[in-house]
Amino acid sequence: MSVQSQAVGRSSPSNARPRRGRRWLNGESLTALFFILPSLIGFTVFYAVPAIRGLWISFTNWDLLRPAKFIGIENYIKLAQDKEFWNALYVTVYYVLLNIPLQTVLAMIIAVMMYRLTKSMLIRALIILPWLMPPVVVGLIWLWLLDPNIGIINVALKALGLPMIAFLGLPQWAMPSVAMINIWEYVGYTALLIFAGLQSIPGSVYEAASIDGASESQTFWKVTVPLLRPVLVFVIVTSVIGSFQVFDVIAITTKGGPVNATKVLNWYIYEQAFSRFNMGYATAISIVLFAILIFVSMMQMRLMRAGESDM
Amino acid sequence: MKKVSLVVTLLLILSTVLSACGGAAAPAAQAPAADAGAAAPAAPSGEVVTIEYALWDANQLPAYQACADAFMAANPNIKVNITQSGWNDYWNTIQTGMVAGTAPDVFTDHLAKYPEFAAKEQLVDIQPYVDADGVDLGVYLGQLADLWARDGKRFGLPKDWDTIAIVYNQNALDAAGVTLDELNNATWDLETGGTFQELIAKLSVDENGNNGLSPDFDPTKVKQYGLIINGAGEGYGQTEWSWLAATTGWRHIDELYATKYNYDDPRFTGTIQWYADNMKKGFIMPLEQVSSLGGSAAFNSGLGALHSNGSWMIGDFVNNATFPFGFARLPQGPEGRKSMFNGLADSIWVGTKHPAEAWQWVKYAASKECADKVGEFGVVFPAQQSGVDKALAAYAAKGVDVSAFTLQATEPDGTFLFPVTDHASEISAIMGPVMQSVMLGESEAAVALPAANEEVNALFK
């Protein structure tokens with residue numbers, strides 16, 4: 001949403017800024033403030049204040065149960081030398097690279113197919129069905145499906161004469177399997193967002209393209225993709241942020257294993273905070289994750305010219 | 001506008017990242033200042049005090065409910081409210097409850113967990129109560145009571161104990177022509193693997209019907225494994241490897257509360273390598289196949305002939321095994337048969353508002369009366385002999401012979417204690433991945449384990 005607001009903010013430069021002195025007296029602003037007040041309170045109490053508290057905790061040695069002591073940047077120094085942290089960062093980036101490109105391309109294909117081939121509400125509903133399921137349920141279902149001994153997928157592989165694969169039990173397979181589960185869960189939702197973007201492209205543009213004799217693929221690459229860019233930016237930025245924070249499916253299926261192959265940053269944070277009682281250290285890792293996400297998000301918005309529309 | 005929305009963006013990201021941590025950020029200085037020694041004033045007569053009690057084993061819930069009912073009948077001013085939740089949720093709930101000030105007054109505690117809680121001043125020292133009430137610690141079997149005492153303080157009264165034995169699939173033994181006698185008298189050593197290695201080879205069958213002794217045996221297409229274990233075992237290997245490693249004379253630590261682990265010992269690394277090698281040979285179910293649903297699920301679905309597990313799982317096999325099964329003795333190593341001896345106890349949280357009543361319940365839950373009641377349910381072995389006798393009778397009534405567990409417990413030098421030390425969770429975090437990598441064949445035990453041992457021992461410096 002934040003991304004959208006920025007996109008809107010930038011794409012309407014013609015709206016002259018009201019003069020500063022007048023701004024808060026403006027009845028419209030007051031009304032707006034009144035409308036956002038409920039969520040502003042929620043945001044402050046449940047997000048902003050805990051987040052700022054979190055920043056403070058990252059400078060302490062808080063172990064959850066005893067009083068915290070200020071230790072300066074000690075947690076951050078420890079972090080720089082912690083090979084488990086660097087492994088977690090590497091594993092997380094690997095996951096993002098496995099997840100985002102494939103998920104976005106698949107979502108794009110599904111969205112275009114929905115747009116061009118069907119208007120059926122039933123199919124749209126079916127496509128987002130996995131997203132409607134709680135992630136814990138999704139994780140459990142796939143844990144059973146992928147089990148090497150009794151899972152139906154390995155039964156099928158065996159029937160085809162292929163060797164059994166321990167999808168979640170082998171380090172080289174675990175992360176691709178987790179990425180696949182998450183793509184299955186979120187691709188429908190992502191497709192729906194892109195689909196909404198497609199619907200906002202005026203039909204007249206396509207008419208013009210066909211009058212000019214553009215082929216199907218030309219229309220897609222020269223008309224659909226550029227006009228869809230603001231929506232795509234939103235989809236990619238939010239799904240990158242989401243996938244940097246992957247947790248639930250890993251918590252259910254692999255618990256960071258085997259041999260740390262799926263110990264992503266969020267799992268490592270959880271483990272440090274709640275299994276190993278190092279809340280201060282865990283919070284410091286969260287702050288670093290936050291810095292990484294700001295950097296990645298800003299790079300994405302800059303590279304993809306998020307604020308501009310070609311429409 | 002642009003600046004504002006940028007700030008909002010940043011705040012949004014920050015808060016989504018941090019809200020999980022921030023949510024738990026209850027005031028840190030809230031650690032309750034309960035003075036354990038001082039006897040709290042008893043509740044005025046007529047007022048009913050509720051003691052919240054937590055346990056994780058669903059099988060034991062009816063047994064302890066029966067104890068609680070009897071206790072409440074005898075103490076009308078105390079109400080015991082029992083909450084059961086599964087192992088993982090259990091510890092999360094207890095820990096976050098301690099932070100938030102909502103932990104149960106009394107909870108079932110584990111040897112791998114209590115030293116950390118004690119070090120973080122979350123447990124009531126019950127030694128003063130034990131002294132004041134003259135509780136006889138001699139009634140508890142073996143050294144069970146000692147496991148819960150440290151430096152003159154005591155953090156629990158023993159309720160039960162467990163040992164390890166081998167569960168076997170009768171059909172698999174019959175098909176291979178292996179007798180129970182052979183299994184009960186199996187031997188094992190580091191160099192040759194003994195008759196136990198021969199047995200698990202003989203009991204491993206591939207899809208073509210060849211067993212592990214045949215040169216045509218295909219380890220990639222095994223239909224039935226000779227042995228199934230529960231996992232890599234992290235730093236304890238209670239059901240997985242401790243019962244073999246200990247027969248060489250090796251121990252995790254040299255004494256309770258040691259500040260040094262022995263994971264670099266060649267007897268230990270050799271034992272773990274033996275497991276890894278036999279997984280590769282197809283005689284032990286490879287780790288990657290047990291890691292998702294667990295060893296007992298695989299055994300219960302008939303994928304293995306033998307399975308090592310603890311006495312607390314007896315009921316699980318009774319309920320879930322799809323074939324005739326029984327319990328056999330552990331193999332004998334150079335120093336005899338060895339099982340880890342572990343026991344649970346109830347601890348009192350320092351935040352309790354009713355320490356005197358909480359103590360009454362702890363004392364009752366560890367009493368002969370309650371032990372006898374729990375024994376009658378036949379779900380666990382109580383910490384006192386009379387309770388064990390009741391449990392044996394209950395198991396016999398169900399037609400299960402559990403002597404493999406009890407003989408192990410009563411045999412001279414048949415058991416060694418659970419390695420209780422500080423830093424248990426950090427040790428698990430170090431040993432977990434290393435043990436996995438050795439058992440998956442990604443690293444050599446003799447190289448990886450000594451390196452991990454250095455990391456573990458560094459925690460104590």
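Is B:Ala246 buried or exposed? I will start there, with the caution that this is a predicted model, in which local features need pLDDT of at least 70 and side-chain atom pairs count only at pLDDT 80 or more, while totals for chains, interfaces and linings use all residues. Residues are numbered from 1 along each chain as its sequence is written, chains are lettered from A and ligands numbered from 1 in the order in which they are written, and side-chain values use heavy atoms, with hydrogens and water left out.

B:Ala246 is buried, with a relative accessible area of 1%, where buried means under 20%, exposed over 50% and partly exposed in between, using a 1.4 Å probe and protein chains only. The residue lies in the loop between helix H9 (242-245) and helix H10 (266-281) of chain B; helices here are DSSP runs of H or I with at least four residues, strands are runs of E with at least two, and both are numbered from the N terminus. Leaving aside residues up to four places away in sequence, B:Ala246 touches B:Arg251, B:Lys338 and B:Phe416, a contact being heavy atoms within 4.5 Å. From B:Ala246 to B:Met340 there are 94 residues in sequence, but 8.6 Å in space, C-alpha to C-alpha.

Let me turn to the sheet in chain B. This open sheet has five strands in the order S9-S10-S11-S8-S12, with mixed pairing, and two strands are taken to pair if DSSP finds at least two bridges between them. Strand S9 (205-206) and strand S12 (325-328) of chain B stand at the edges, each with a single partner strand, so one side of each is left without a neighbour in the sheet. Helix H8 (residues 194-202) of chain B packs on the sheet, touching strands S8 (164-169), S10 and S11 of chain B, and its direction makes about 155° with that of S10(B); these axes are lines fitted to C-alpha atoms, for helices over the stretch in contact, and the angles run from 0 to 180 degrees between N-to-C directions.

Within the sheet, S9(B) and S10(B) run antiparallel and are joined by two bridges, with B:Val205 standing opposite B:Gln224 in S10(B). On the pairing of S10 (residues 222-228) with S11 (residues 304-310) of chain B, the two strands run parallel and three bridges join them; B:Tyr225 has B:Gly304 as its bridge partner in S11(B), and B:Ile228 stands opposite B:His307. S10(B) is mostly covered, six of its seven residues being buried.

A:Lys83 is exposed, with a relative accessible area of 61%, whereas B:Glu455 counts as partly exposed at 37%. In another, A:Asp63 and A:Arg66 meet at 2.9 Å, N to O, where A:Asp63 counts as buried at 9% relative accessibility and A:Arg66 is partly exposed at 31%. A network of salt bridges also links A:Glu84, A:Lys263, A:Glu271, A:Arg276 and B:Glu426.

How values were computed
A salt bridge is a side-chain nitrogen of Lys or Arg within 4 Å of a carboxyl oxygen of Asp or Glu.
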